2 protein chains.
Amino acid sequence: MQLNTLGVVHDFLARCVKPGSFCIDATAGKGRDTALLCRLSGEAGRVLAFDIQQDAVNATNKLLQEQGLCARVILDSHANMEQYAQPETVDCVVFNLGRLPGGDPKIFTQAPSTLTAIDAALRLLKEGGVLAIALYYGGENGYTERDAVLEHLKALDDRRYTVLLCDWANRRGEPPMPIFVWKEH
Amino acid sequence: MQLNTLGVVHDFLARCVKPGSFCIDATAGKGRDTALLCRLSGEAGRVLAFDIQQDAVNATNKLLQEQGLCARVILDSHANMEQYAQPETVDCVVFNLGRLPGGDPKIFTQAPSTLTAIDAALRLLKEGGVLAIALYYGGENGYTERDAVLEHLKALDDRRYTVLLCDWANRRGEPPMPIFVWKEH
């Protein structure tokens with residue numbers, strides 16, 4: 001396992017996404033996570049990916065095509081994901097919050113739509129399903145979204161959800177936090 | 001994986017301790033982690049276990065015997081572990097800090113010897129080796145040791161160590177924190 005957030009999140013996904021899973025990449029970006037979810041859920045699986053930028057949708061479709069993979073890539077806000085899936089049917093939702101890794105540092109997700117999207121994702125999850133978040137913060141994005149997300153997750157009812165926050169405690173440079181939320185059975 | 005600290009730590013150990021590993025259980029207690037380290041490191045491995053209570057040494061030896069496993073169980077403080085192993089030879093060190101799970105709530109580890117033991121463990125680790133900590137706090141133990149451990153780990157040089165702190169962010173009842181420290185190559 002690579003000792004960074006991507007390594008921790010991908011290692012986690014590789015262990016929890018099974019062939020046939022229904023997965024959502026809430027922040028498609030360049031499509032790297034979308035492609036991983038397609039590989040892990042396999043031919044019998046189903047993957048939706050969301051991005052509000054046409055460039056990201058194009059880049060994701062291009063990557064999937066190059067790798068012979070298939071997902072439905074949707075040009076819409078992840079805050080609207082409930083328009084595209086039924087409640088309690090999704091096994092796994094992945095978010096990269098804050099800036100896009102390797103993308104334009106001036107474009108980032110924002111607290112209000114992020115919190116709406118997280119709540120939508122939690123409603124879409126099956127019992128036993130999981131949310132995996134890489135929470136970027138600092139830089140031009142600042143701390144408002146991070147603090148709002150952390151407060152929101154800390155307030156989730158622990159009879160319905162289990163939240164595990166991870167932090168690279170001694171790393172300089174404000175590395176993203178890996179966060180996992182399980183929906184209880 | 002069980003969604004608690006023991007589940008997270010044991011899952012982690014199962015993936016990083018290989019046959020032939022040299023492991024240390026810094027807080028033997030009832031011997032549960034010692035037995036796990038013996039099983040994971042196998043016939044070719046080696047396990048030391050420390051406890052300052054004779055009862056714990058006896059309980060650990062009894063459990064190992066029942067399970068047909070073998071470790072050297074030492075009646076001494078984990079702060080002295082460098083007297084029993086060479087520097088940079090150990091693959092994995094496990095600590096349960098704070099109260100002993102299932103044990104007497106009035107007996108717990110204390111910050112000064114804990115910090116000494118953590119530093120000793122870090123010196124004993126090979127490059128690529130790992131420290132796994134279940135950090136109990138609250139109750140009669142309070143927060144002094146927890147805060148001292150967290151401060152100490154946050155101050156570790158990030159060119160030599162990677163520290164991942166995990167926290168059950170929405171759980172009531174102050175569950176222990178799983179913590180992992182890798183020694184860099």
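The questions below concern how the chains of this predicted model meet.

Visitor: How many residues of chain A are in contact with chain B, and what area do the chains bury between them?
Guide: The model is predicted, and totals for interfaces use all residues. On that basis, 25 residues of chain A are in contact with 25 residues of chain B. Of the area buried between the chains, 54% is on carbon and sulfur atoms, and the area itself is about 2200 Å².

Visitor: Which residue forms a salt bridge with A:D11?
Guide: The count of salt bridges between chain A and chain B is four. A salt bridge requires a side-chain nitrogen of Lys or Arg within 4 Å of a carboxyl oxygen of Asp or Glu. For A:D11 the closest N and O atoms are 2.7 Å apart, and the partner is B:R15.

Visitor: Which element gives the most residues to the side of chain A that touches chain B?
Guide: Across this interface, 16 residue pairs are in polar contact. The elements of chain A that give two or more residues to the side touching chain B are helix 1 (5–16), helix 5 (144–154) and strand 6 (161–168). The one that gives the most, with eight residues, is strand 6 of chain A.

Visitor: What is the bridge partner of A:W168 in strand 6 of chain B?
Guide: Strand 6 of chain A pairs with strand 6 of chain B in the antiparallel sense, over five bridges. In strand 6 of chain B, the partner of A:W168 is B:L164.

Visitor: Which residue of chain A comes closest to the rotation axis?
Guide: A rotation of 180° with 0.0 Å of shift along its axis superposes chain A on chain B, with an RMSD of 0.0 Å. That is the relation of a two-fold axis. The copies meet through the same surface, because 100% of the interface residues of chain A are also interface residues in chain B. At 2.1 Å (C-alpha), the residue of chain A that comes closest to the axis is A:C166.

Definitions and conventions
Residues are numbered from 1 along each chain as its sequence is written. Chains are lettered from A and ligands numbered from 1 in the order in which they are written. This is a predicted model: local features need pLDDT of at least 70, side-chain atom pairs count only at pLDDT 80 or more; totals for chains, interfaces and linings use all residues. Side-chain values use heavy atoms; hydrogens and water are left out. Contact means heavy atoms within 4.5 Å. Buried area is the accessible area (1.4 Å probe) that two parts lose on being put together, summed over both. A polar contact is a pair of N or O atoms within 3.5 Å; within protein, one must be able to donate a hydrogen and the other to accept it, and residues adjacent in sequence count only if both atoms are side-chain atoms. Helices (H or I, at least four residues) and strands (E, at least two) are DSSP runs, numbered from the N terminus. Two strands pair if DSSP finds at least two bridges between them. Copies are superposed by least squares on the C-alpha atoms of residues with pLDDT of at least 70 in both.
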